[in-house]
Amino acid sequence: MNRFSFFLCILLLCHSQGLFAQEVFRYGVAPWTNLKLLQSWASPIKNSLEKQLKNPVQITSAADVGAYLQKAIDLKMDAFQVPSHLAVYLIDEHGFQPVIYVEGRSQVLLVGSARSQFQGLKQASEGQVLLGGPLTITTQVGKKWFRDAGLVPQYVYKKDQWKVMDELFSGSNKVGVVMSVMFESLTPVLKSKLIEIKRSDFFVNGMLLAVPSLDSNTVKKLQQGFLSVKSDEHYFLMSAHIPTEKHMNKMRNVISPYYSETVSEINKQLNVKR
């Protein structure tokens, strides 16, 4: 066998073993529902990113927000969506790169079972307050309500806000903190099983972050991929921008009342290595 034939055989062998397969880009989506629904929800973004990166994109998530954050810190995602309070932490403490800034308005609700007859924070604080995990922004907003009122209820953490709603539907004598979009999307029959105790506006913003080592050319491709998704096909991108200093300052101002509590919870929950 001559030298050319030898190298040709090596190349064919490598190809047959998949050694020259395209590298998969790991794109993280925060775990607000199960992975199958997350993959469907993120499909338009995945397709757009694959066109820009010229590589396959894998949608990944985690069991809960804490595990998702740990996964980011352990560099098991190349880029990922994250709410603002966690984005600031990851940028400041771990050097992650801001890629896309997203903003919108929402509301946070304190709701209870219709059987409970709770009125106001004081009565609500006398029972258990259900929260969708210690690291969600709704948890931080809800805790601040009670803290500012000088109240110290018993907090009970659930896997997510869906689990909070499920327990309230069962008629338990408890209250829970959820995003308004969850409440407003309920059928009239399910809404009738709940009472609204408190509601407040919240300026929701978040980011797409990339690992510190990602090169600037790939970051630009990510930005192009996100911004080329039609906003009417995906509400997450209805107000998406390449982040500027003004955007970053706005985000920091919004989350400043909740940030110290967020960092405290992170330090309690996670195996943080800087």
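This is a predicted model: local features need pLDDT of at least 70, side-chain atom pairs count only at pLDDT 80 or more; totals for chains, interfaces and linings use all residues.
View 1. Helix H4, spanning residues 65-73, is largely enclosed by the rest of the structure, because seven of its nine residues are buried. The buried residues of H4 are Gly66, Tyr68, Leu69, Gln70, Lys71, Ala72 and Ile73, and the elements against which they pack are the strands S1 (25-28), S2 (57-60) and S3 (79-83), together with the helices H5 (84-94) and H12.

**View 2. The two ends of helix H4.** At the start of H4, the backbone nitrogen of Gly66 has a side-chain oxygen of Asp64 within 3.2 Å. Just after H4 comes Leu75, with a positive phi of about 60°, although Leu75 is not a glycine. This residue belongs to the loop that runs between H4 and S3, and Leu75 counts as partly exposed because its relative accessibility is 45%.

**View 3. Lys54 in the loop between helix H3 and strand S2.** With a relative accessibility of 61%, Lys54 counts as exposed.

**View 4. Ser264 in helix H12.** Ser264 is part of H12, the helix made up of residues 245-269, and, at 33% relative accessibility, Ser264 counts as partly exposed. Although Ser264 and Leu135 are 129 residues apart along the chain, their C-alpha atoms are separated by 9.9 Å in the model.

Note on methods. Residues are numbered from 1 along each chain as its sequence is written. Side-chain values use heavy atoms; hydrogens and water are left out. Helices (H or I, at least four residues) and strands (E, at least two) are DSSP runs, numbered from the N terminus. Buried means under 20% relative accessible area, exposed over 50%, partly exposed in between (1.4 Å probe, protein chains only). Contact means heavy atoms within 4.5 Å. A polar contact is a pair of N or O atoms within 3.5 Å; within protein, one must be able to donate a hydrogen and the other to accept it, and residues adjacent in sequence count only if both atoms are side-chain atoms.
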